[in-house]
Amino acid sequence: MEVINKHIMQEYLALKIDFCRKQLKQLPNVKLQTFNKYKKPVQKIIVGKHRYLLDSEPGEKYLKIMQYKETLERKLEYYEAVWKSKYKDIPYPECESHKVIRTLFVDKSTKVIMNKAYFDSLKNDANTDHPKPLDYPFNGIYYRSAAEREIAIFYTENDIPFKYEPEVSIKGIPGFIYPDFVIYIPELDNCKFHEHFGMKDSARYLTITNTKYYNYTNAGLVPELDIIFTHDVKEIPFDIRELSYKLNAVICTTMIATKQSPNNQLPAS
């Protein structure tokens, strides 16, 4: 998470802080205690007045909740420390985490909500139509360019789940398409597509770019809301700060465009 100091933008950082605080407030108070039974130590999960053995179904459930809370507390401590070191005021109150309902047409009549369930359903690194070079590996996946690997590292260091070249069905396209990245924003329970275009000066590549742009909008996606576009050309090489700014802008646009109501509150994980 060290990259946050350099690249994460103010509004997105405020959103992360709000998300951690809300999640911690919703989750139950869980403790792990050791008891002696027949002179042998036995660990139990304590939730209110209830005690559960670790290997019981509720014990395993609450142990995961306790571990998740500990992770959230560490993240919140870090995010707040970064905020205090860079900004004097309190985190923006308007950067509130909430469930976003954005949909994608997967065929002429079927829409899916681009949430965690959709993200989890996508097959990662699924494009086998075109061989990839072996020059740009990261975390067990080979990327097609140094810029794509840099993007993967950026998302990983910022704790943003992503799928690389996942198998996606969209309206108007037979078979599948393979966007460069589909990312998941937990703070909004929302997926974003990310297309990184290289060789922008190539006429053929421009045709491919225009086709992708049309296909996405035809399926109901809105550029700069549901899709991030980045570029890499000889005259203007890709800079990871471009992605940081665009990601922040897309997230801010999403927060503005989607109103909160009792129906779009994020559930406790």
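These notebook entries record what I looked up in a predicted model.

**Entry 1. Residue H7**

I began with H7, which lies in helix 1 (residues 4-7). Is H7 buried or exposed? I found a relative accessible area of 14% for H7, which is under the 20% limit, so H7 counts as buried. I then listed the contacts of H7 beyond its neighbours within four places in sequence, and these are F154, I240, R241 and S244. I also looked up the pair H7 and N158, which are 151 residues apart in sequence. Their C-alpha to C-alpha separation in space is 9.0 Å.

**Entry 2. Helix 2 against helix 7**

I next took the packing of helix 2 (residues 10-26) on helix 7 (residues 240-257). I noted an angle of about 60° and a distance of 8 Å between the axes. Helix 2 is therefore oblique to helix 7. The crossing of this pair is left-handed. Which residues make the contact? From helix 2 I recorded Q10, E11, Y12 and L15, and from helix 7 L247, N248, I251, C252 and M255. Sorted by class, the contact holds six nonpolar, two polar and one charged residues.

**Entry 3. Helix 2 against helix 3**

I then turned to helix 2 and helix 3, which pack at an angle of about 145° with their axes 9 Å apart. I recorded this crossing, too, as left-handed. On the helix 2 side I listed Q10, L13, A14, K16, I17, F19, C20, R21, Q23 and L24. These meet Y68, K69, L72, E73, K75, L76, Y79, E80, V82 and W83 in helix 3. By class I noted 12 nonpolar, two polar and six charged residues in this contact.

Three strands form an open, antiparallel sheet in the order 1-2-3. Which strands stand at the edges? They are strand 1 (30-37) and strand 3 (50-53), each with a single partner strand, so one side of each has no neighbour in the sheet. I noted an average twist of 40° from one strand to the next. Strand 2 (residues 40-47) runs antiparallel to strand 3 and is joined to it by four bridges. One residue I checked was V47, whose bridge partner in strand 3 is H50. Helix 3 (residues 57-86) packs on the sheet and touches strand 1, strand 2 and strand 3. I recorded about 130° between the directions of helix 3 and strand 1.

Technical notes:
Residues numbered from 1 in each chain as written. Predicted model: local features only at pLDDT ≥ 70, side-chain atom pairs only at ≥ 80, totals over all residues. Heavy atoms only, no water. Axes fitted to C-alpha atoms, helices over the stretch in contact; angles between N-to-C directions. Helix = DSSP H or I, 4+ residues; strand = E, 2+ residues; numbered from the N terminus. Parallel < 35°, antiparallel > 145°, perpendicular 65-115°, else oblique. Left-handed = near helix turned anticlockwise from the far one by under 90°. Contact = heavy atoms within 4.5 Å. Nonpolar A, V, L, I, M, F, W, Y, C, P; charged D, E, K, R; others polar. Pairing = 2+ DSSP bridges. Buried < 20%, exposed > 50% of the residue type's maximum accessible area, 1.4 Å probe, protein only.
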